[in-house]
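Here is a short briefing for a reader who is meeting this structure for the first time. Please look over the sequence and the model, then read the points below.

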Amino acid sequence: YARDTVRLKAEAFFENPNDIGGKLSTDSIFVFVNGARLARVTSASFKIPARKEFAIPMLVEIPTKRIFENNKNGILGGLLNSVLNKSVKVQFKGDLKYKVLGFSRVYAIDETQNIKF
């Protein structure tokens, strides 16, 4: 691993209520915090079981230069501003690829949450 990137492993939990499973993959979902791109989320292709709960193993890659940038888009500065304002805006944006029975489809992900603390 390179020292210029912080890597975190995570799992996202879902439930498939359908009778048919499939495969999901992504290599292009990005995480934005207060409008600044913080990280890229990747995942190897994995099987989705039919009618079960499942976990998606993910790798989050954060370039260290993004954390310590000394400008308004720097993550530390943005987080300090969030503490003062008592909220942070987190956005996930990118594509999720789903394959089932020889068919494939790309789903655009664009979810934003304002988290208050």
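## The largest pocket and its surroundings

Sorted by class, the residues lining the largest pocket are 18 nonpolar, four polar and two charged. The model is predicted. Its protein chain has 117 residues, and 28% of them count as buried. The points below start with the chain, turn to the pocket, and then take up the loops and contacts.

**Overall fold**

- The protein chain contains two helices and six strands.
- Along the sequence, these elements follow the order β-β-β-β-α-α-β-β.
- β1 covers 5-16, β2 covers 22-33, β3 covers 36-48 and β4 covers 52-63.
- β5 covers 87-100 and β6 covers 103-116.

**The largest pocket**

- The space in the largest pocket comes to about 540 Å³.
- How many residues line this pocket? The lining has 24 residues.
- Nearest the centre of the pocket lie Phe 14, Leu 24, Ile 56, Leu 96 and Ile 109.
- Strands β1, β2, β3, β4, β5 and β6 each supply at least two residues of the lining.
- Which strand gives the most to the lining? That is β1, with five residues.

- Leu 24 is part of strand β2.
- Is Leu 24 buried or exposed? Its relative accessible area is 8%, so Leu 24 is buried, the cut-off being under 20%.
- Leu 24 and Lys 97 are 73 residues apart in sequence.
- In space, the C-alpha atoms of Leu 24 and Lys 97 are 5.5 Å apart.

**The salt bridge**

- How many salt bridges does a search of the whole structure find? It finds one.
- The salt bridge joins the side chains of Asp 19 and Arg 51, at 2.5 Å from N to O.
- Asp 19 sits in the loop between β1 and β2, and Arg 51 in the loop between β3 and β4, so the pair ties together parts that are 32 residues apart in sequence.
- In general, side chains of opposite charge can pair when their charged atoms come close.
- Asp 19 and Arg 51 are both exposed.

- Most residues other than glycine have a negative phi.
- Arg 51 is not a glycine, yet has a positive phi of about 50°.
- Arg 51 counts as exposed because its relative accessible area is 55%, and exposed means over 50%.
- Leu 101 is not a glycine either, and its phi is positive at about 45°.
- Leu 101 belongs to the loop between β5 and β6.
- With a relative accessible area of 67%, Leu 101 is also exposed.

- Which residues make the nonpolar surface patch? They are Ile 20, Leu 101 and Phe 103.
- The patch has an area of about 380 Å².

- Lys 52 is in strand β4, and Lys 52 is exposed, with a relative accessible area of 52%.
- Lys 52 and Asn 16 are 36 residues apart in sequence, while their C-alpha atoms are 5.5 Å apart in space.
- Where does Arg 3 lie? Arg 3 is in the segment before β1.
- Arg 3 is exposed, and its relative accessible area is 83%.
- Arg 3 and Pro 63 are 60 residues apart along the chain, and 9.1 Å separates their C-alpha atoms.

Conventions. Residues are numbered from 1 along each chain as its sequence is written. This is a predicted model: local features need pLDDT of at least 70, side-chain atom pairs count only at pLDDT 80 or more; totals for chains, interfaces and linings use all residues. Side-chain values use heavy atoms; hydrogens and water are left out. Patches are made of residues with over 30% relative accessible area and no salt bridge: like charges are joined within 9 Å, nonpolar side chains (Val, Leu, Ile, Met, Phe, Trp, Tyr) within 5 Å. Accessible areas come from the Shrake-Rupley method with a 1.4 Å probe; for residues, only the protein chains shown count as cover. A salt bridge is a side-chain nitrogen of Lys or Arg within 4 Å of a carboxyl oxygen of Asp or Glu. Helices (H or I, at least four residues) and strands (E, at least two) are DSSP runs, numbered from the N terminus. On a 1 Å grid over the protein atoms alone, a cavity is a set of points where a 1.4 Å probe fits but cannot get out, and a pocket is an open set with protein on both sides within 12 Å along at least five of seven lines; lining residues have an atom within 4 Å of a point. Grid points are joined across faces, edges and corners, and a volume is the space filled by probe spheres set on the points. Ala, Val, Leu, Ile, Met, Phe, Trp, Tyr, Cys and Pro count as nonpolar, Asp, Glu, Lys and Arg as charged, and the others, Gly among them, as polar. Buried means under 20% relative accessible area, exposed over 50%, partly exposed in between (1.4 Å probe, protein chains only).
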